[in-house]
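Let's walk through this model together, going from a sheet to a ligand site and then to some backbone details. Keep the viewer open as you read.

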Amino acid sequence: MEVKGKENLIASDSKKIWKKCLSLIKENVPALTYNTWFLPIKPISYTEDNLEIEVPNSFFIEWIEEHYNTIINNAIRQMLGSKGKLHYIVRDEDVANLEMTKIIEDVVPTLVLEEVTPTIQAREPEFESYLIPRYKFENFIKGEGNQLARAAAIAIGENTGETSFNPFFIYGGVGLGKTHLIQAIGNRIKEKDSTKKIVYLSSEQFTIEFIDAIQNGKANEFSSFYKKMDALIIDDIQFLIGKEKTQDYFFHIFNTLHQAGKQIILSSDKPPKDLKGLSERLVSRFQWGLTADIQAPDFETRIAILKNKATSYGITIPNDIIEYMAFNITTNIRELEGSLIKILASASLNSQEINMELARKAVGEIATGRQMNISIDYITQIVCNYFEVDENKVREKNRKQEVVLARQVAMFLSKKLTKSSLKTIGLHFGGRDHSTVIHACNGIEQRLSDDSSTKQIVETLRNKIQMGVS
Ligand code: ADP
Ligand code: MG
């Protein structure tokens, strides 16, 4: 009988495993996604719970990590058990084949993505810190909007436990770098002293673990685990609002750590005093140390971020394109990065050069995506505010003239400004039928052409809604 060489065996194992992973993934993503992002992946080897796969270029990794991490990790775990790990390798030769040679000039180094397991069980004695290596101070661009937050974060990373910034509370809007910064603190502490016990988690995760611990009679173990940390990093603390029992336990953990001079790092979408629904004693403790906000980046910072990101992919993008993107995407760094990835993705998939047309398309898609984010509820809120009608009334069976008008205008604008179906819109207005929505839209349409004051009102409202969102 033929004896297979070790290499062959490994290669064929990896193929088998990957094939099964693919079939699991295929069930969970649309066909286009599957074909675009998963089919081009090649299995390379399988050794000691490690499956090595090859991707065409480095932004594949980022894209997959950002969008399909759970799906791919679940598949790996199903196939390889909880110890299963996935290693990505970038396929250098094929990058050249994609005729992006001019764009992607360099060999992109091998990147390793650590597996992230979202439960507490495996934490002790060798627990998971949940620190993501790519969040570093080195790739966090300094700008006017983040100066204080960044400087304080670095100080804490360098002299943990010795600053008066305890707790360190950082707040700001979506996609402005809160998670990046607080993770970077953790990474810096680890870099300086790998024995330091650090854990990062979102307050939602904290709550889930807490409930889990309570249900299993392990609330004390839960608390004592966190009380042992040298640094506790909790992201998006606003999700503790309304969760009183979790807040209670968190309060005691906070106190123990603080008294012992251990560092507490928190992020939120608003400053402590605006966290309505969080217990007073927590809010006041959050203000003991340093509170710093992060503002949206200015134009120069946006350009620097884009350039830095492109360089990290080994790609050079013409200045006019970078400027175009930075000019048009202003309020969210995640969107800025998203547009860059979109451009890179379509350039690579269509073997096309990066040009203005691609940039326009990518930026346009982000803008449309944002429009989709105008929610029906938000529209309803603005409209009802304008007509001074109680929001609940438009959802009820109220036939008062001003309520009917507000309802119809809100339906009409929902149709125009969101991508929601008539059915969905109807559901938002007290479960009304789609024909009611059509009727409302036609009614308003009619009034727009007959009556200039209605036209003016609708235009004002449309502006209000769009301005509030973009
Ligand atoms: P938030 O937690 O505030 O919603 P994130 O920390 O997730 O935002 O940031 C969104 C994305 O933007 C991340 O990929 C992050 O690396 C990037 N980012 C944010 N701020 C900066 C910055 N100043 N320099 C470089 N990248 C940044
Ligand atoms: Mg975040």
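The paragraphs below take the sheet, the ligand and the backbone in turn.

This is a predicted model, in which local features need pLDDT of at least 70 and side-chain atom pairs count only at pLDDT 80 or more, while totals for chains, interfaces and linings use all residues. Residues are numbered from 1 along each chain as its sequence is written, chains are lettered from A and ligands numbered from 1 in the order in which they are written, and side-chain values use heavy atoms, leaving out hydrogens and water.

Start with the open sheet of three strands, which has the order β1-β2-β3 and mixed pairing. Strands here are DSSP E runs of at least two residues and helices are H or I runs of at least four, both numbered from the N terminus; two strands pair if DSSP finds at least two bridges between them. Because β1 (42-47) and β3 (85-90) stand at the edges with a single partner strand each, one side of each has no neighbour in the sheet. From one strand to the next, the twist averages 25°. Strand β2 (residues 50-55) pairs with β3 in the parallel sense over six bridges, and Asn-50 has Lys-85 in β3 as its bridge partner. Helix α3 (residues 58-80) packs on this sheet and touches β1, β2 and β3, with a direction about 150° from that of β3. Contact means heavy atoms within 4.5 Å; axes are lines fitted to C-alpha atoms, for helices over the stretch in contact, and angles run from 0 to 180 degrees between N-to-C directions.

Now turn to ligand 1. How many residues surround it? There are 18, and the closest are Ile-141, Gly-175, His-180, Arg-334 and Glu-337; a residue counts if one of its heavy atoms lies within 4 Å. The shell divides into seven nonpolar, seven polar and four charged residues. A polar side-chain atom of His-180 lies 2.6 Å from an oxygen atom of ligand 1, and a backbone N or O atom of Gly-175 is 2.7 Å from a ligand oxygen atom. Taken alone, ligand 1 exposes 560 Å², of which the protein buries 94% (Shrake-Rupley method, 1.4 Å probe). Helices α6 (178-192) and α13 (333-349) are the elements that give two or more residues to this shell.

Finally, look at the backbone. Most residues other than glycine have a negative phi, and most peptide bonds are trans. A cis peptide bond joins Asn-166 and Pro-167, with omega about 5°. Asp-236 has a positive phi near 50°.

Technical notes
A polar contact is a pair of N or O atoms within 3.5 Å; within protein, one must be able to donate a hydrogen and the other to accept it, and residues adjacent in sequence count only if both atoms are side-chain atoms. Ala, Val, Leu, Ile, Met, Phe, Trp, Tyr, Cys and Pro count as nonpolar, Asp, Glu, Lys and Arg as charged, and the others, Gly among them, as polar.
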